[in-house]
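Here are my notes on the structure, as numbered points. Please read them with the coordinates open.

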Amino acid sequence: MKQENKAEISSEAPEKEKDSILIVDDMEINRAILCEIFRADYTVLEAENGQQAMDLLLEPQNTESVTAILLDIVMPVMDGFEFLEKLTLLDLSSRIPVFLITADASEESMRKGYQLGAMDVIGKPVIPYFVKKRVESIVELFRARRRLKAAVQLQSLQLLEKEQEIHELNNAIIETLSTAIEFRSGESGMHVRRIRRLTQILLESLRESNGEKYAFTDEEIRQISQAAIMHDVGKIAISDAILNKPGRLTDEEFEIMKTHTIKGSEILDLIPQHKGNQLYQYAYDICRHHHERWDGGGYPDHLRGEEIAIWTQVVSIADVIDALTHERVYKKAIPFDEAMKMICSGQCGSFNPELLHVLRINAEHIRSVVSSQ
């Protein structure tokens, strides 16, 4: 005979666990009166003095569940005022309302209680209806405040997530546009990625070697490295005939090619609503001035020395080392060591001596980056 399954499944939802109220008084009769007032709606915890109450409160399950504390003032071991002071030190008074239930309703005691964070002072003997209403109104206020805080935190988290999504989308658009421009001149999208990585390496090395002068934050280095990939955005305005010419450019063609620096900054000028954004400022400087040289022999504005922003100088030297070591329509790739000698000897224009130093000390790291395909 098949054994009957006697297990029963209740269709009723489990009863919601009650919040707790902590009653602290050295007189048992006082605790009993308060217990009767709140027993139906709360789990009641009892303590005979402040120390016992603190021990109870610091038990993890009670720290989360206690929704109000009814506290006597005059008690042995630890009185009510000492308890309030410790509660504040533990940063719990802002979350759990405390009600002083005391026969000492003097002005001095009331003032001290409020100063220490008590929400209300209720005199003994208590009137059950009124004490319940006063406690529950403030408890509900604290609950509402917690709900509001939780809602604000959730909204803040959602806004941060949305901001991150927009940030990632913007980065993807920037990289896609920059890569598309590189494709026009027969280069792979790896060029802009290598420029970003080289920029990061050189900036971090500058910070390490002279942190007082080059006190970049990690976020600033990230933004500059991202802006670096837009260095040649102005090439979108240069014709394919010049951009992809396999041989040496004529003087006239070279003058046209040089305008990509100005065209790049003009393109960025078309988005004025972002001019206050630091990433925009980095990108503008880099687009316009990445062909300037330390001795003033570059273009388009013939800046010299520290007139050229350091981040632009970094992108400039990163662009040169990557261009030299990779094939272009007008030249073959040059071996890394030879390219380093050309840059350091001034064959590619003059560069900041500090920047040449960090280029040398990071040579092997840079070699590994420019070797990536």
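1. Start with a salt bridge. Lysine 213 and glutamate 354 pair through their side chains, with N and O 2.9 Å apart. Lysine 213 sits in the loop between H7 and H8, and glutamate 354 in helix H15 (residues 353-361), so this pair ties together parts that are 141 residues apart in sequence. Glutamate 354 is partly exposed, at 29% relative accessibility.

2. Lysine 213 has another partner. Its side chain also meets that of glutamate 306 in a salt bridge, at 3.1 Å from N to O. Glutamate 306 belongs to the loop between helix H12 (278-289) and H13, while lysine 213 is in the loop between helix H7 (190-209) and helix H8 (218-228); the pair therefore ties together parts 93 residues apart in sequence. As for accessibility, lysine 213 is partly exposed at 39%. Glutamate 306 is exposed, with a relative accessible area of 58%.

3. Keep the source in mind. This is a predicted model. The mean pLDDT of the chain is 86, and 87% of the residues score at least 70. Confidence is highest in helix H13 (residues 310-324), with a mean of 96. It is lowest in helix H6 (residues 128-184), with a mean of 76.

4. Treat the start of the chain with care. Where pLDDT is low, the predicted coordinates should not be read in detail.

5. How many salt bridges does a search of the whole structure find? The count is 22. Some of them join up: Asp19, Glu140, Arg143 and Arg147 are linked in a network. Within that group, glutamate 140 bridges to arginine 147, and their closest N and O atoms are 3.0 Å apart. Glutamate 140 is partly exposed, at a relative accessible area of 35%.

6. Aspartate 319 deserves a check. It is found in helix H13. Is aspartate 319 buried or exposed? It is buried, and it has no salt bridge. The nearest side chain of opposite charge is arginine 328, at 5.6 Å. Leaving aside neighbours within four places in sequence, aspartate 319 is in contact with His191, Ile195, His231 and His290.

7. Next, the largest pocket. About 1,100 Å³ of space lies in it. It is lined by 33 residues, of which Phe254, His291, Tyr299, Ala323 and Tyr330 are the closest to its centre. Helix H9 (240-243), helix H10 (251-258) and H13 each supply at least two lining residues. Which helix gives the most to this lining? H13 does, with four residues. H13 is also the helix with the highest confidence.

8. The largest cavity holds about 50 Å³. Its lining consists of Glu292, Arg293, Trp294, Ile308, Gln313, Ser316, Ser350, Phe351 and Asn352.

How values were computed:
Residues are numbered from 1 along each chain as its sequence is written. This is a predicted model: local features need pLDDT of at least 70, side-chain atom pairs count only at pLDDT 80 or more; totals for chains, interfaces and linings use all residues. Side-chain values use heavy atoms; hydrogens and water are left out. pLDDT is the predictor's confidence in each residue, from 0 to 100. Buried means under 20% relative accessible area, exposed over 50%, partly exposed in between (1.4 Å probe, protein chains only). Lys and Arg count as positive and Asp and Glu as negative; His and the chain ends are not counted. A salt bridge is a side-chain nitrogen of Lys or Arg within 4 Å of a carboxyl oxygen of Asp or Glu. Contact means heavy atoms within 4.5 Å. On a 1 Å grid over the protein atoms alone, a cavity is a set of points where a 1.4 Å probe fits but cannot get out, and a pocket is an open set with protein on both sides within 12 Å along at least five of seven lines; lining residues have an atom within 4 Å of a point. Grid points are joined across faces, edges and corners, and a volume is the space filled by probe spheres set on the points.
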